[in-house]
Structure formats: C-alpha cells, structure tokens
Amino acid sequence: MYAQEVKSTGKPVKSLDEMDPEERAFQERIDADIKIEPKDFMPEGYRKTLIRQISQHAHSEIVGQLPEGNWITRAPTLERKAILLAKVQDEAGHGLYLYCAAETLGASRDEMTEQLLAGKAKYSSIFNYPSLTWADIGAIGWLVDGAAIMNQVQLQRCSYGPYSRAMVRICKEESFHQRQGYDIMMKLVKGTDAQQEMAQDALDRWWWPSLMMFGPPDAQSVHSAQSMAWKIKPVSNDELRQRFVDQTVPQAEYLGLQIPDPDLKWNEARGRYDFGKIDWNEFYDVLKGNGPCNKERMAARQKAWDDGAWFRDGLMAHARKKQSRKMAAE
C-alpha cells in the first residue's frame, strides 16, 4: 500500500450508542455503503485521516516516478523506452488525481507538498530503494505495482466518494504497469544466464520491501480499526499481504524464480502460503529517513518544487488578473 502508516484518531472505535446523533447518522450511512461526498457532514477525525492517507498516496505516486524515470534513457529498446515513459507519465497523473481528491477535503496542494518537504508527511518506504539494473524495472512493475493493485482495488470501495472514484481509473492503469513489469521479467528469464541471474537478484532485493508496503502487522497498527470502521480502509494490512503472497508465489514459480524466503511453504490446512518474518526494524528505519535513497528522493522533490516556483507564481498572477477583469466587468 502507498499509505503505510496513517494515524486516525488514536482512540477506540465508538459504538453507535456512544455517538451523538449527527455522528451516528454519518456512521449509519457508511454502514449502508452510501458514499460520503465533500459537502456532507463528516467527523473531523474522518476528514483528517483521509487527508493524511490520500496525500501520502499522492506523494508516493510522485516520488515513485524517480526510480523508474532514471531508466527511461537506458531502457534496452525504443519500444521499452516508450512504454516506460508512458508508465512514468501515468504515475504523475495518479498523483494529480489524488491531490485533487484531497483538496475536496480542504487541504491545498501547496500545503500538502510543504508538509512533505518539512518531514511532516511521508511517502511509501518502497521508493527509498535504488533501481540498480534493468531487471529492477521489471521487479518494480511486477511486485511494487502488483502490491499497489492488491490494495487499491479494495480502495475502490472506500467510503469517501472522490477517493473511491479516483481509484477506478488508477487501478486500470496500474494493471498495465504490473503487466509491463512481469513481461520484462519474462523476457529476462528466457534470456542468457546473466539475464536470468539479474532477474533473480532483482527479486531478492525487492521481495521483502514489497511485503512491507502493506504497512505494519495488524497487531501493531493501532489506527487500522477506526479506518476500517469508517470504511476508509476496507481490508486489513495482514490480509492484503497474505493475498499478495498467495497471488505472487505461483507467478514466480512460472518464471522459474526463487522467492528469497526459506520459510515459504504451502499450508494445505489453510489453503494459503505460510511465509517468514518481516524485518520491521528495517521498515521503521526507512520511514524515519534512513533508507538507501531517502535523502536523494527528498532532494529531488525539493529541487522540483523550487524550480517550479516561477511557474506557480505566474499561474497565480494570471488567475488574480483574470479575476480582477471579471470583477471590473461586473
């Protein structure tokens, strides 16, 4: 998931009897699967939780262009360059959809970006890992976008209308991204010994960070219960992670690649795969800013923000001038 650690109210979930009439009516709408729209009543905790989640998701889409954009000029064929360029453009579009969705809750795009640059907001930990070889682009599409789809398909059922609707288009495009990555891996495993080794190396490095994308275990995710009660987050972290493993292991077997987990095995009784323990110390260390590429990613985002200041200023000046002319004409 691109929003891995979103804080809600931090308080126990209220029962309907504990709510005031307005809040109870709000919860009953959610329980009836009626979408909440921007002008509807919503508790302040619901609004703030959505802003945190949607903005973190948007930041992740924008920063997520960096590991792949680095390979556009180095892709092995013209066709691969064009495909990767289209994918990176899609990610930019996803960020814009999501910033727009967050703006319907009263958060400005400038404010959200400034919070990111000040370290008050985060993006997904997965984008703090380097893309060292062309096979990494395959692994990112196959695993990272595959994990994103696993979560984002569920977010189409999110209780907040603008976020839910944004996810419909995003999921369609992410499906293309996942297929593009798997196709790269397919070509590599059918290639030379060196290409096969490169594909296995990429899987070895991206497997565990991809599992971390879904966020902390449910037992450690104290804010999940409220988000699920509000149907901001329809499915728990652990369930999504399990579904991802169950879906991805057969794909790896088809490719002839080995999942880097000695504890991975099929559990006949559960009808699901058992898998090893995740190093959550690494996850939290990366979130704190100590990952391989944290400083590099934030420096690139800061530079883009600074370099675009003249354009934002120009747009605002034009908007003010246009408004002044409109008011004068009236």
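Biologist: What makes the charged end of Arg 312 count as sitting over the ring of Trp 305?

Modeller: The charged end of Arg 312 is 3.5 Å from the centre of the Trp 305 ring, and a charge sits over a ring if NZ of Lys or CZ of Arg is within 6 Å of the ring centre and within 35 degrees of the ring normal. Arg 74 is likewise placed over the ring of Trp 71, at 3.9 Å from its centre. This is a predicted model, in which local features need pLDDT of at least 70 and side-chain atom pairs count only at pLDDT 80 or more, whereas totals for chains, interfaces and linings use all residues. Residues are numbered from 1 along each chain as its sequence is written, and side-chain values use heavy atoms, with hydrogens and water left out.

Biologist: Why is the pair of Trp 207 and Phe 244 called stacked?

Modeller: A search of the whole structure gives 12 aromatic pairs, where rings of Phe, Tyr and Trp (its six-membered ring) pair if their centres lie within 6.5 Å, and planes under 30 degrees apart count as stacked, over 60 as edge-to-face and the rest as tilted. The ring centres of Trp 207 and Phe 244 are 5.9 Å apart with the planes at 25°, so this pair is stacked.

Biologist: How do you know that Trp 207 is buried or exposed?

Modeller: Buried means under 20% relative accessible area, exposed over 50%, and partly exposed in between (1.4 Å probe, protein chains only). Trp 207 has 0% relative accessibility and therefore counts as buried, and Phe 244, also at 0%, is buried as well. Phe 311, by contrast, has 47% relative accessibility, so it counts as partly exposed.
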